[in-house]
2 protein chains.
Amino acid sequence: MSNANSSPIDRRTFLQDSTALAAALTLPPHVWTAPPDLAPIYAQIERRHDETVQRLQEWIHQPSIAAENRGVEEGCELTMRLLRDAGFTQVTKLPSSGQPGIFATLDAGARRTLGLYFMYDVKQVDPAEWSSPPWDAALVDKSGLGKVVMGRGAVNQKGPEAAFLAALHAIRGAGRKLPVNLVLVAEGEEEIGSPHFPEIVRRPEVLAALRPTVGIFMPTAAQGRDGEVTITCGAKGVIEVELVSTGARWGRGPRADIHSSNKARVDSPAWHLVQALASLVSPDGNDPAIDGFADKARPLSPEERAMIATAARRLNENAAKQSLGVEHWVHDVSWTEALELLMSRPTVNIEGLVGGYTGPGGKTILPHRAVAKLDLRLVPDMTAAEALAALQAHLVKRGFGDIEVNMTGGYDPTSTPRDAMVIRAQEAVYGRAGIDPIFLPRNAGSWPGYVFTGDPLRLAAGHFGLGHGSGAHAPDEYYVIESTNPKLQGIDGAVRSYVDYLHEVARAR
Amino acid sequence: MSNANSSPIDRRTFLQDSTALAAALTLPPHVWTAPPDLAPIYAQIERRHDETVQRLQEWIHQPSIAAENRGVEEGCELTMRLLRDAGFTQVTKLPSSGQPGIFATLDAGARRTLGLYFMYDVKQVDPAEWSSPPWDAALVDKSGLGKVVMGRGAVNQKGPEAAFLAALHAIRGAGRKLPVNLVLVAEGEEEIGSPHFPEIVRRPEVLAALRPTVGIFMPTAAQGRDGEVTITCGAKGVIEVELVSTGARWGRGPRADIHSSNKARVDSPAWHLVQALASLVSPDGNDPAIDGFADKARPLSPEERAMIATAARRLNENAAKQSLGVEHWVHDVSWTEALELLMSRPTVNIEGLVGGYTGPGGKTILPHRAVAKLDLRLVPDMTAAEALAALQAHLVKRGFGDIEVNMTGGYDPTSTPRDAMVIRAQEAVYGRAGIDPIFLPRNAGSWPGYVFTGDPLRLAAGHFGLGHGSGAHAPDEYYVIESTNPKLQGIDGAVRSYVDYLHEVARAR
């Protein structure tokens, strides 16, 4: 769940929840000695520490916000330069129907090729909410953590991505060749739900380059505040939809807001929406009741159940409840069952309701329009397209066919086998850093990894990287540069983890 | 419906609807000669025209907005001075738990005493929306109407109230005695739902003064744009409530917004609200389904049905539908049935829905709180207190007892007999002005008249006055000063209607 990454579709609040999930875990103090052959590279990492931090700061200085179409072109150009500087020999800007993507390759003449997924955009900011200006990338002392860089994009995703690029600089600085070839795809619309990322990945030259890779990873700050790491073997899919009920489209009710006394003789689009919504879930609001929606939901396998049972023993239920501010799980289930539901249950959630008068007190109107914002989470073998079709058919069948269903974003579920080589390699590197990762069958959040794990590529995909940060999508986003907690890696430790990972992937069986 | 007056609880949008309702009525051109004995008073009205307009302009210049606590004290003092200037001999400021009320009496030594209800507050403004600044009270030419005064409070309610005061000035100016004694109560919180008006009226000295009155009226601009007048024999009651569903109060769901993926294991206060709402009405959203809510609703009497049948023939269904922007009435009923429902049907209406993320696109949260704003309209013999209790009991019985029910305003229904003397006197005056008013059993909007018509006073109460204005609660509110439409009275005609009305009340049987 530490890789519940980036996008309106899986906010960092979730990351913070998962941190607290494992808060009660005790890890052995970190013991990490360089494998003998990597010592010269490790030395380069230390020597280049300041350069690495400055590169990250330069990157943060450049806003690149797709939602506001702000600095995206400049952010793309800067990212392309940083990739070239780090040794990518072919770096191409790929136009899309939205913001451009980047396709980059580094042929080291190695046996294996590893895929990489980068994002170069960041979330919007409200500078007034920040204790240090979001584009300043100031180095700040943070109690209990050490020195951090504070700024928009610090952890999501420039810090981890900069740490990965620093690994390439260190390897080259030590006079070594990269142990694997690299194929990188980047997008500038991750924070608006990656609407054109499939376009970018499905270009013939990109598919051709990705097809032979051993898998894909995105650099991330995988450590929770106490150093713990969770690895998920995939992620739920999601569709985000707006249900819009209007008098005009319905052909009943008013075309503009009218005085509420008219309810006695005029139909209400707001009630129409409420009754439609009520039909989508069980009376307690917990179980999807959309016809056919979950027909293809694959139940947990015995292996997945066993994985969850192990995780349940290691994760702290009370810490999770406290972090979420809840006293009971749905249906008052146990901790293990709650985790099973989280991993395996399709959901229908209300993100927001808005219609008519929303200010203080009341206003006697009969609104002509009401909107519900929903997200529906999907598990294999459900698909975003089928979920949308099921929702629409359900509404039509019950007399709510006039309610507009606007899909604002969506991903298919993502699955990567527990024993995929790129996952085993992660586990090995974490293990050498003294960390025994918790495995979970699936992230309950979502990311655009389906573009890699689904057809036609069917690659393993996940997130990887030591290091810690927080505040993605929130004020005071940070990434740890120098850690005062021995269980937590600063940026140099993160860079080392990428050096190790590249070598591990190169030699893994 | 022309007296759908003033308050968050019955917006002027309703007034505008009712204007269009009767738009197709044709009235005979106005023929109005002064009864011989009133000619000297009529002459005074004309002579004092400029003074009357200036008094109204001075009144509009003084904002008095309870919702913003702006100028209320000054507005109260100014109103008291205007009452004294018009001849009220006893004018007292009455403190309340909110803004002060005014109690004023004028003992003319007459046989009968008439009650008056004034408001001295006005609705908020957004000056940017006005074509002439709202406190300027500028005289503006308005196409098809003539010269109007434009400003906040022009029609709601300072224009009609100033016209009434001008009637007192004219009678005194002609050397006449008032034909009736007057008892006036005024409030400064009408636009926030008259929360403390019962306190003011129920003071022993006020009750003692009101008890012997023949009834109560509020000056109003009762004419629609084509001169037509509708008289309603009472008004529906109303309660406005907020239903607030929160995880904290429920004891389930989160205490703050959390990542939406948690829906799989965490209860949703938003779904809890939706399911509670769905239980309040029939599946089509049209019929209240709150247990016991409408048990005391009195069906229409044969006389009331006859009154509506007559009104239905005179009112234009297509104009009403067009004005409301609707193509069908609920249940596809006929025009007569639609009017019957409007007058007689208790309602449960959604004014607004707000919870979680309400901005553009989506945001993947599970909100900890969701709110529905409702208004419930009541007919005799329902009461506001019983409606609230029924709603609360209904929710408790269905497992929604944790949902907070905040009542933000409410009035009992108001009823005045069709043949009450103060109503018959209205009809007589309108008739002499060439107007055959449409009678309706009830206004579907609401006003605080229940304070007069209910216990302990049980007085007849209504609105009265020739003249026309519009835009109450909206920008460019106006009141006609000099009418170019012979069917429509300007301010002098309004003043004459009050002179006539006082004499009619004095001599009516």
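**Close-up views of a predicted model**

**View 1. Helix H9 of chain A meets helix H9 of chain B.** A:Trp271, A:Val274, A:Gln275, A:Leu277 and A:Ala278 in H9(A) touch B:Trp271, B:Val274, B:Gln275, B:Leu277 and B:Ala278 in H9(B) (contact: heavy atoms within 4.5 Å). By class, this contact has eight nonpolar, two polar and no charged residues. Ala, Val, Leu, Ile, Met, Phe, Trp, Tyr, Cys and Pro count as nonpolar, Asp, Glu, Lys and Arg as charged, and the others, Gly among them, as polar. Each helix spans residues 269-278 of its chain, and the two pack at an angle of about 115 degrees with axes 9 Å apart. That makes H9(A) roughly perpendicular to H9(B) (65 to 115 degrees). Axes are lines fitted to C-alpha atoms, for helices over the stretch in contact; angles run from 0 to 180 degrees between N-to-C directions. Helices (H or I, at least four residues) and strands (E, at least two) are DSSP runs, numbered from the N terminus.

This is a predicted model: local features need pLDDT of at least 70, side-chain atom pairs count only at pLDDT 80 or more, and totals for chains, interfaces and linings use all residues. Residues are numbered from 1 along each chain as its sequence is written, chains are lettered from A and ligands numbered from 1 in the order in which they are written, and side-chain values use heavy atoms, with hydrogens and water left out.

**View 2. Six strands of chain A form an open, mixed sheet.** The order is S1-S2-S6-S3-S7-S18 (two strands pair if DSSP finds at least two bridges between them). S1 (90-94) and S18 (461-464) of chain A stand at the edges, each with a single partner strand, so one side of each has no neighbour in the sheet. Neighbouring strands are turned by 25 degrees against each other on average, direction ignored. Within the sheet, S2 (residues 101-106) and S6 (residues 181-187) of chain A run antiparallel, joined by five bridges. A:Leu106 stands opposite A:Leu182 in S6(A).

**View 3. Helix H14 of chain A lies across strands S3 and S18 of chain A.** H14 covers residues 421-432 and runs at about 15 degrees to S18(A).

**View 4. A:Glu58 forms a salt bridge with A:Arg81.** Their closest N and O atoms are 2.4 Å apart (cut-off: a side-chain nitrogen of Lys or Arg within 4 Å of a carboxyl oxygen of Asp or Glu). A:Glu58 lies in helix H3 (residues 49-61) and A:Arg81 in helix H4 (residues 72-85) of chain A, so the pair ties together parts 23 residues apart in sequence.

Key. Angles under 35 degrees count as roughly parallel, over 145 as roughly antiparallel, 65 to 115 as roughly perpendicular and the rest as oblique.
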